[in-house]
Amino acid sequence: MSNALVFQTDFGLGDGAVSAMYGVANTVDPNLRIFDLTHDIPQYNIWEASYRLRQTINYWPEGTVFVSVVDPGVGSTRRSVIAKTSRNQFIITPDNGTLTHIKKVAGIKAVHVFDEKANKLPSAGESYTFYGRDIYAYTGARLAAGLIDFDVFGEAVPVESIVELPVIPAYRDGERVVGMIDVLDVRFGNLWTNIDHNLFHALDVTHGDRLEVTIRNDTRNVYKNTVVFARSFAAVAIGEPVIYINSLENVGVAINQGSFAKAYTIGTGSNWHIAFQKL
Amino acid sequence: MSNALVFQTDFGLGDGAVSAMYGVANTVDPNLRIFDLTHDIPQYNIWEASYRLRQTINYWPEGTVFVSVVDPGVGSTRRSVIAKTSRNQFIITPDNGTLTHIKKVAGIKAVHVFDEKANKLPSAGESYTFYGRDIYAYTGARLAAGLIDFDVFGEAVPVESIVELPVIPAYRDGERVVGMIDVLDVRFGNLWTNIDHNLFHALDVTHGDRLEVTIRNDTRNVYKNTVVFARSFAAVAIGEPVIYINSLENVGVAINQGSFAKAYTIGTGSNWHIAFQKL
Amino acid sequence: MSNALVFQTDFGLGDGAVSAMYGVANTVDPNLRIFDLTHDIPQYNIWEASYRLRQTINYWPEGTVFVSVVDPGVGSTRRSVIAKTSRNQFIITPDNGTLTHIKKVAGIKAVHVFDEKANKLPSAGESYTFYGRDIYAYTGARLAAGLIDFDVFGEAVPVESIVELPVIPAYRDGERVVGMIDVLDVRFGNLWTNIDHNLFHALDVTHGDRLEVTIRNDTRNVYKNTVVFARSFAAVAIGEPVIYINSLENVGVAINQGSFAKAYTIGTGSNWHIAFQKL
């Protein structure tokens, strides 16, 4: 059986772009099993593309081929790469920072650069704007179908050579842990921080403890209040804020059945600082 | 061949949550055929989750396994159940009212409660907030793949013990039939009532007849006008209201190529009353 | 192996309509490989349904069965047809203009009209409003599964008899090429014109040349400025407009990492005229 082929883009599903990618994969091999990660990455948001790969990859089997196309530099000189992770999964993507979290969290053991011209859908013609269809879906499908052997495909380059976005590590500061807001749990407005549960537990907190939560961005203090740490949302009242360990085992902040992000107009990224202090 | 596995959630497709569920299912058995019902159930709206199951289940084959995760009580003491319908389909869900319409319309012949801890994805770790991935997708995949035998899985409990949301029956009142607005045909703004076509036809109406339609909520009368009953939208002018029998064989109200719900700001639920009177 | 079955509708994915179509197809044959083109065609927009088929069809294999349901005339006397293209792909659709671009661009070699009553899902009942489920998904699934033989199914009618929407051809006028804005690259706000790259190159332009772009609708001039022609977005500054050859090898106009359509409130259709003049 062929390996699963999983697509991620910022194309949305409102026109035919993603379906053309499915079609290319079907043309390569009609037996391919094709899935989606998401196609709703905000346009050009490489950070979020990187994060969503990290959020899901561990739940897919060995051998799975991910094709991620968030590519503001399409047609420029940025490289096209295939990364092989420690768990023998593959990610095909423009080398623009999309591999940032996978490298840090899942681990990458090899990266091959491949030539775009030599690996372009034969029927692609004059267009140089839809590499998602003409290069990435096409190459990903051939890899998943076993028509390409990673070991001899493209040119091995040092893992250290891939483009990485700046990642700010979380740290402990006495009775506080300090980090940033990585991303939102989009539909629910929960904050997902970069603070691992192990670092958090260094504060020696247990369910039911209250902590002071401070959120600030580069221009102002946005939130400062005491919030309970609980096992899950159901442990607090509806409408009450809660600190919890999210599905990636990092610290999250939510309002039970409400949106913390909307309530306090919280954003994400390296200028959104968050700290937890034991009381 | 394994049975189809059909996912429904209120997670949306904007982040990696649903894809992590696909990945878990693929890890259980790469041969599984995975489909979606919808992931756009409004957050925490158990009523609509229940209704969408009822809207689709009859069109899927015997043996299909549905996993429905609209779970405001995740991490609380609400039960996790598998229901087996009269047509030998399966629904895995938190027992929070999601089975309301299936029980009434499709019929449930057995319900088994299963232990969440004993049926959790082995790699799930400390998180107690993503049972959709760690428990429901995992257990649904094992059932669809034949790794779980319903007959000996979990503990049989009385069908009458499942949680049901209040459902108000439609009724005849002389020359009127009276009911509620169950749900909208989301994209088109058509009203779907709880009035079955048989009850409606007790008024002895035929295509072309005009009826008085009255809509009120708990605070005011919202609509009162005469509307024609027609076989389909094309029988009336563009922009004209129409009473019709919808795809579930219940009475619907629409504006041909317009949105009745938007035009008159109509909502859904047990406080949205609708009546049809033959003229 | 059965042929791929690809669905397109204007139903959205917010309720159970599309899932009911998947279920019908699964009931016909659980081995069917089911995919989506898009379900976000704006309601009743036959032009866009026609365009999205043309955008994707060439990337799917021979034998693929497309089911396209944008059907404002459901229940009227408009015909239900299956078209067979020059590349031996099939499109099942109401005959309402949905085949316009396929006929012009991909080529249609045969059209068969089929009887709706005789090809309706046996369990469909009294409803006459959901032909997407009861007729088109059902018939498309039977065709993809090989249960229907196109050659003897329905009644052959002249290809010229199908309904076509008016299409305005692009043309050269001295040092200008003149056309219309067919559609948007939805998520990115790029303009896709009906001007083929061959017609454009008749102006003898090369990458780096600047052209005057004029956009007007029936009531006013909307845009008039000089814009560079480049191979891809990356050749211009972020925020700069660019003329390029899009993924269908037609002329497009974009703002690099911005939305041209939003910036100048540009629409689509036969009253949106665009011209390019070499400077």
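Tutor: Between chain B and chain C, 15 residue pairs are in polar contact, counting pairs in which both residues have a pLDDT of 80 or more. The count of salt bridges between chain B and chain C is 0. Both counts refer to a predicted model. On the side of chain B that touches chain C, the elements that give two or more residues are strand 2 (34-36), helix 2 (46-56), helix 5 (197-201) and strand 13 (241-245) of chain B. Of these, helix 2 of chain B gives the most, with 4 residues. Sorted by class, this side of chain B has 14 nonpolar, 11 polar and 9 charged residues.

The extent of the interface can be given in residues and in area. The contact takes 34 residues from chain B and 40 residues from chain C. Chain B and chain C bury about 3,000 Å² between them, and 53% of that area is on carbon and sulfur atoms. Within chain B, the residues that lose the most area to chain C are Tyr59(B), Arg187(B) and Arg231(B), which together account for 26% of what that side buries.

Chain B also has an interface with chain A. There, 40 residues of chain B are in contact with 33 residues of chain A. The area that chain B and chain A bury between them is about 3,000 Å², with 54% of it on carbon and sulfur atoms. Across this interface the rule finds 0 salt bridges, while 15 residue pairs are in polar contact, again with both residues at pLDDT 80 or more. The elements that give two or more residues to the side of chain B that touches chain A are helix 1 (17-28) and helix 4 (131-144) of chain B. Helix 1 of chain B supplies the largest share of that side, 8 residues. By class, the side of chain B that touches chain A has 18 nonpolar, 17 polar and 5 charged residues.

A contact between chain C and chain A can be followed from one residue. Pro61(C) sits in the loop between helix 2 (46-56) and strand 3 (65-69) of chain C. Leaving aside residues up to four places away in sequence, Pro61(C) touches Gly23(A), Asn26(A) and Thr27(A) in chain A, and Arg87(C) and Gln89(C) in chain C.

Chain A is divided into domain 1 (5-161) and domain 2 (171-278), and their centres, taken over C-alpha atoms, are 32 Å apart. The contact between them takes 7 residues from domain 1 of chain A and 10 residues from domain 2 of chain A. These two domains bury about 700 Å² between them, 53% of it on carbon and sulfur atoms. Trp47(A), Tyr51(A) and Arg52(A) supply 60% of the area that domain 1 of chain A buries against domain 2 of chain A, more than any other three residues. Between the two domains the count is 0 salt bridges, and 2 residue pairs are in polar contact, both residues at pLDDT 80 or more. The side of domain 1 of chain A that touches domain 2 of chain A has 3 nonpolar, 1 polar and 3 charged residues.

Salt bridges do occur elsewhere in the model: the count over all chains is 27. One of them joins the side chains of Glu160(A) and Lys103(A), with N to O at 3.4 Å. Glu160(A) lies in the loop between strand 7 (155-157) and strand 8 (171-173) of chain A, and Lys103(A) lies in helix 3 (residues 100-106) of chain A, so the pair ties together parts that are 57 residues apart in sequence.

As for confidence, the model scores ipTM 0.94 and pTM 0.95. Chain A has an average pLDDT of 94, and 100% of its residues score at least 70.

Terms used
Residues are numbered from 1 along each chain as its sequence is written. Chains are lettered from A and ligands numbered from 1 in the order in which they are written. Side-chain values use heavy atoms; hydrogens and water are left out. Contact means heavy atoms within 4.5 Å. Buried area is the accessible area (1.4 Å probe) that two parts lose on being put together, summed over both. A salt bridge is a side-chain nitrogen of Lys or Arg within 4 Å of a carboxyl oxygen of Asp or Glu. A polar contact is a pair of N or O atoms within 3.5 Å; within protein, one must be able to donate a hydrogen and the other to accept it, and residues adjacent in sequence count only if both atoms are side-chain atoms. Ala, Val, Leu, Ile, Met, Phe, Trp, Tyr, Cys and Pro count as nonpolar, Asp, Glu, Lys and Arg as charged, and the others, Gly among them, as polar. Domain bounds come from an automatic or database domain assignment. pLDDT is the predictor's confidence in each residue, from 0 to 100.
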